[in-house]
2 protein chains.
Amino acid sequence: MIDVRNPQDGFAALRARISALGDPVGDDRGADGEPLTVGEWALLIDDIVEHPDQNTEALWNVASPEEDDREYDAIFIGGGAAGRFGSAFLKARGGRQLTIDAWPFLGGSCPHQACVPHHLFSECARELDLAKHMQGKLWYPEFDASKASILEIVKLFRAGRGMPHAIMNWQSKEQLGMEYILNAAATVIDEHTVEVDGRRFQAKNLVLCTGARTDFPAEISGLDRKGVYDFASLIEELDEEPTRCVIIGGSKVALEYGSFFQATGCQTTILTRSPLLRTASLHHVDEGLRDYVIDMMVDRGIEIVEGAQTLDVLGDDRVTGVRYRDANGEIVEVETDFVFVGTGERPDLRMYEPLGLKIDDRGFVVADATMRTSVPNVYAVGDLLGPPMEMFKARKCGVTAARNIMGEHHEFDFSEYPDFFHTTYEVTWCGLSEAEARTEYPNVIKIQMPPDDADPESFALPAAEGSMLYAFTRPILSGWLKLLVDADSRKIVGAHHVGYGAKDAFQYIDYLIRRPEGFTIDQMADLNELFLNPEHFIQLSRLRAGQMSLVSL
Amino acid sequence: MIDVRNPQDGFAALRARISALGDPVGDDRGADGEPLTVGEWALLIDDIVEHPDQNTEALWNVASPEEDDREYDAIFIGGGAAGRFGSAFLKARGGRQLTIDAWPFLGGSCPHQACVPHHLFSECARELDLAKHMQGKLWYPEFDASKASILEIVKLFRAGRGMPHAIMNWQSKEQLGMEYILNAAATVIDEHTVEVDGRRFQAKNLVLCTGARTDFPAEISGLDRKGVYDFASLIEELDEEPTRCVIIGGSKVALEYGSFFQATGCQTTILTRSPLLRTASLHHVDEGLRDYVIDMMVDRGIEIVEGAQTLDVLGDDRVTGVRYRDANGEIVEVETDFVFVGTGERPDLRMYEPLGLKIDDRGFVVADATMRTSVPNVYAVGDLLGPPMEMFKARKCGVTAARNIMGEHHEFDFSEYPDFFHTTYEVTWCGLSEAEARTEYPNVIKIQMPPDDADPESFALPAAEGSMLYAFTRPILSGWLKLLVDADSRKIVGAHHVGYGAKDAFQYIDYLIRRPEGFTIDQMADLNELFLNPEHFIQLSRLRAGQMSLVSL
């Protein structure tokens with residue numbers, strides 16, 4: 001074991017070892033006897049991730065009996081979003097926790113393989129899209145697709161991911177006071193006992209937080225060929241620049257990574273059974289939003305095949321093509337050297353077999369709104385419970401488990417939430433779609449840009465933070481928005497946006513419109529806008545709010 | 001006059017004339033007898049703006065007595081932000097208004113010379129900054145500063161500004177039902193009478209909405225030389241590519257345009273008397289935010305001279321340099337071919353002399369919280385009233401005047417509001433600065449990224465929408481944030497952000513924290529974040545909200 005807690009014993013040796021790895025970025029080097037800095041953590045984590053065979057020792061940050069001799073209130077198995085936030089909350093409430101992760105860092109798949117690279121890739125997609133669109137105009141040179149390398153961007157992420165990892169380890173230890181053991185597999189013995197790094201730990205409760213991973217469809221043959229990736233193996237294993245991409249599945253991940261691959265100049269085909277953005281896991285998707293998003297993906301050259309049943313991934317050692325049955329029942333082959341699977345995720349529950357948990361028919365753990373499973377003192381959180389597999393849910397599940405363990409009855413209902421994904425745009429929504437709103441309320445008005453009767457190629461709105469160059473060169477590319485209002489109560493019932501810079505606001509708009517008292521068009525109109533605000537809802541509401549009897553805009 | 005209202009009389013001729021100007025973008029051409037489309041409006045407006053001497057006829061959109069024979073409730077002089085929103089609200093409330101503007105479009109200086117070009121320029125600054133920083137990495141070629149032309153970007157704006165103008169005219173007529181006369185100067189006769197295009201109009205009230213313009217300091221000689229610009233003349237008159245820039249003044253406009261000029265490769269010096277971001281017109285500027293913003297401007301190579309008293313702009317016909325007295329009393333000369341004046345704005349009130357309005361000692365119109373001036377039935381709104389010269393204030397002043405004119409007593413207090421400006425970053429804040437919070441509350445905690453004790457060169461947060469490429473190449477460039485909480489009440493009292501994508505959210509955060517009941521760290525922690533959310537406030541609050549006794553993060 002490597003004890004990262006005790007500066008007296010072995011700490012100097014650890015620091016000497018870190019020092020030998022190189023210079024921390026920004027020369028963020030700690031003083032003798034002081035805890036590891038973020039820069040030092042980054043070097044250590046990178047070394048372990050790069051050379052796992054030579055780094056089998058666990059990282060121990062566990063209080064000695066002199067520091068704390070209390071029984072653990074909970075052991076969190078998995079230190080990702082759910083486990084880390086749950087642990088931090090339990091600790092903040094005065095409890096004692098131990099968090100165990102197989103990786104040498106806290107934060108889980110998000111900063112290692114999932115949301116963080118996704119955001120880097122989506123930012124690259126946006127910038128590449130702009131560079132391609134603007135080529136030959138202003139300072140933009142001719143776009144050289146041969147320079148836009150998926151592999152290079154993946155390498156940039158791989159080289160830099162140690163830094164966010166380091167912050168998680170540093171913050172969890174120095175700011176949050178958490179105890180953890182990393183780079184070590186946990187073995188569940190029973191509902192109070194976990195073995196890790198050769199030692200058994202007892203706790204009043206267990207919180208299971210090990211997440212989910214891509215569910216490779218068993219009915220498709222050839223998914224084990226080289227050149228077939230999911231979001232995780234793309235990061236770990238990509239070794240050649242793809243020249244042509246086929247995506248199997250129509251999930252958010254498929255849309256996001258497909259848009260990224262296409263933006264780099266890698267011609268991308270999406271094979272999806274269900275129509276895009278009409279799957280059960282994405283609720284409240286407005287039809288107008290869907291149309292704009294798909295039109296703009298097609299405008300960028302992505303080929304979308306709906307109603308496609310993928311049959312085989314072809315090739316020998318490496319993939320050479322994909323065979324599918326199209327909506328008419330015809331068998332079609334596409335040549336490709338790169339297949340990306342985005343068919344959704346499932347948890348791996350084998351390690352929990354000793355507990356005898358109740359599992360639902362989709363393979364997710366059954367838990368109530370307090371995160372209690374069918375086994376007393378065992379809680380399950382995050383992606384283990386099924387969709388939505390979103391960060392807010394994972395973290396708040398962890399916190400909910402912590403609150404209940406610490407004696408506060410607390411329920412978390414994640415059936416309603418704001419939602420988003422990326423194409424080359426940021427797509428965000430909350431509340432009801434227009435069709436849903438019209439079903440629920442007899443008198444719905446909408447505020448929409450561009451309006452239905454406008455020619456979107458000449459209607460230079462929305463123009464805002466991040467869409468100005470599009471607005472001034474080809475307005476249709478600058479985005480789309482809609483606000484839905486129940487004209488009788490004047491309450492806002494849905495908000496939808498495609499563009500840039502509105503995602504952060506939707507967190508608050510969702511809160512406001514879902515308060516019991518709601519949020520009216522008059523309240524929206526009375527806010528102080530920061531013009532040119534990305535979603536324009538405030539001022540557009542103000543243009544209508546004068547009306548006693550509301551009319552669409 | 002050109003009657004844009006009556007499709008029967010002369011409308012076909014107008015359309016033939018528009019047709020002769022070219023093809024509307026997106027071929028947005030109206031049918032015979034139908035109102036002008038956005039595309040047609042754009043062609044017409046562009047022609048008038050480009051050739052004012054050949055386009056002296058006013059554009060009339062005034063109801064005939066058969067359509068509406070009521071007296072006007074108000075004439076709005078000026079159809080900019082304040083006048084257009086006030087007019088729309090008064091009309092929506094069932095009143096009758098007439099809006100008059102000297103330009104051939106509604107919307108005022110914002111889409112013509114001010115906020116819209118500022119946002120286009122700030123977006124270019126951001127993209128140029130990224131292109132320069134990333135040069136030689138990934139797909140980014142070596143940065144060629146000779147291609148980054150201020151003049152070309154100004155020309156792009158000039159060529160495209162007709163489109164937003166067109167939307168204002170189209171929307172105001174077709175969607176909002178406003179009456180207006182454009183491309184015609186108004187002459188105020190008395191508090192009920194305005195003459196325009198050779199005809200006198202009577203109204204129960206006047207609303208003065210003519211805005212402000214740059215206040216060129218009288219004590220600086222040579223400001224009339226070629227090569228000296230303000231935000232308005234930059235758009236209308238720039239004819240040569242600047243090679244070196246000196247900015248006189250330290251206003252928001254100075255920071256924004258200075259950052260843009262520097263980003264294009266034009267070496268920029270800012271001469272300011274007061275320390276940057278410590279002027280009375282910008283309140284609640286946090287010291288940490290100020291430091292980060294200025295450090296990052298200096299990092300980009302901008303030269304900032306505080307305590308500078310500009311004396312003369314040197315040159316013959318064209319500017320060749322600027323002479324100033326520095327903080328030590330030394331006289332310094334800087335060579336430059338381009339001077340930009342950002343010393344703040346004042347209204348031109350000469351046209352209102354017949355009214356005998358009360359004016360304050362800074363030259364602004366005196367009005368109460370209902371926008372009533374010292375003259376009965378005369379309202380003044382927007383920039384005429386002084387700072388803050390912001391869009392939300394202009395529009396809501398107009399609406400406030402409209403409400404009071406329509407018989408509803410309504411007061412508008414614009415002393416508190418969220419605020420923002422651009423450098424190559426988006427800088428946003430609301431509530432109190434840390435120093436203010438510590439004066440007001442005995443027990444303030446803060447949540448800050450990077451924390452004070454971190455090395456910002458290696459602390460890869462904030463990383464979010466729009467700052468991922470920075471976070472993965474040089475973390476210090478990726479932004480800065482701070483949330484201030486009164487630990488006793490647990491209420492959030494201030495929020496501050498430098499980065500990208502948070503501006504829209506600050507509109508709602510400001511509302512939430514300024515509600516009478518406030519918004520606590522616990523309520524913030526309970527929101528559903530859309531991760532990676534630009535300001536990270538929700539999840540960072542959640543990491544602390546478990547504590548009964550709050551501690552800084």
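## Two helices meeting in chain A

In chain A, helix α3(A) uses Ala81(A), Ala82(A), Phe85(A), Gly86(A), Phe89(A) and Leu90(A) to meet helix α11(A), which answers with Met391(A), Ala394(A), Arg395(A), Gly398(A), Val399(A), Ala402(A), Arg403(A) and Ile405(A). Sorted by class, the residues of this contact are ten nonpolar, two polar and two charged. Please keep in mind that this is a predicted model.

How do the two helices lie against each other? Helix α3 of chain A spans residues 81–92 and helix α11 of chain A spans residues 391–405; their axes come within 7 Å and cross at roughly 35°. The crossing of α3(A) and α11(A) is right-handed.

## Annotated regions of chain A

The UniProt record, an unreviewed entry, places "domain: FAD/NAD(P)-binding" at residues 72–395 of chain A.

## A helix pair in chain B

Let us turn to chain B. Two packed helices are described by the angle between their axes and the distance between the axes. Helix α5 (residues 115–133) and helix α9 (residues 252–263) of chain B pack at about 40°, and their axes are 8 Å apart. Are they parallel or oblique? At that angle, α5(B) and α9(B) are therefore oblique to each other. The crossing of α5(B) and α9(B) is left-handed.

On the α5(B) side, the contact is made by Pro117(B), His118(B), Phe121(B), Cys124(B), Ala125(B), Leu128(B) and Lys132(B). Their counterparts in α9(B) are Glu256(B), Tyr257(B), Ser259(B), Phe260(B), Gln262(B) and Ala263(B). By class, this contact has eight nonpolar, three polar and two charged residues.

## A three-stranded sheet in chain B

Strands of a sheet pair through backbone hydrogen bonds, either parallel or antiparallel. In chain B, three strands form an open sheet in the order β14-β15-β16, with antiparallel pairing. Its edge strands are β14 (309–315) and β16 (331–335) of chain B, each pairing on one side only. Neighbouring strands are turned by 25° against each other on average, direction ignored.

Strand β15 of chain B, residues 319–325, is joined to β16(B) by five bridges, and the two run antiparallel. Which residue of β16(B) is the bridge partner of Arg325(B)? That partner is Ile331(B).

Another open sheet in chain B has five strands in the order β20-β21-β24-β23-β22, and the pairing is antiparallel. At the edges stand β20 (419–422) and β22 (444–449) of chain B; each has a single partner strand, so one side of each is left without a neighbour in the sheet. From one strand to the next, the twist averages 10°.

Six bridges link strand β21 (residues 426–431) to strand β24 (residues 491–499) of chain B, an antiparallel pair. Within β24(B), Gly499(B) stands opposite Glu426(B). Helix α10 of chain B, residues 287–299, packs on this sheet and touches β20, β21, β23 (480–486) and β24 of chain B. The direction of α10 makes about 0° with that of β24(B).

Methods. Residues are numbered from 1 along each chain as its sequence is written. Chains are lettered from A and ligands numbered from 1 in the order in which they are written. This is a predicted model: local features need pLDDT of at least 70, side-chain atom pairs count only at pLDDT 80 or more; totals for chains, interfaces and linings use all residues. Side-chain values use heavy atoms; hydrogens and water are left out. Axes are lines fitted to C-alpha atoms, for helices over the stretch in contact, and angles run from 0 to 180 degrees between N-to-C directions. Helices (H or I, at least four residues) and strands (E, at least two) are DSSP runs, numbered from the N terminus. A crossing is left-handed if the near helix is turned anticlockwise from the far one by less than a right angle, and right-handed if clockwise. Contact means heavy atoms within 4.5 Å. Ala, Val, Leu, Ile, Met, Phe, Trp, Tyr, Cys and Pro count as nonpolar, Asp, Glu, Lys and Arg as charged, and the others, Gly among them, as polar. Two strands pair if DSSP finds at least two bridges between them. UniProt positions are given in the numbering used here, feature names are shortened, and annotations may be inferred rather than shown by experiment. Angles under 35 degrees count as roughly parallel, over 145 as roughly antiparallel, 65 to 115 as roughly perpendicular and the rest as oblique.
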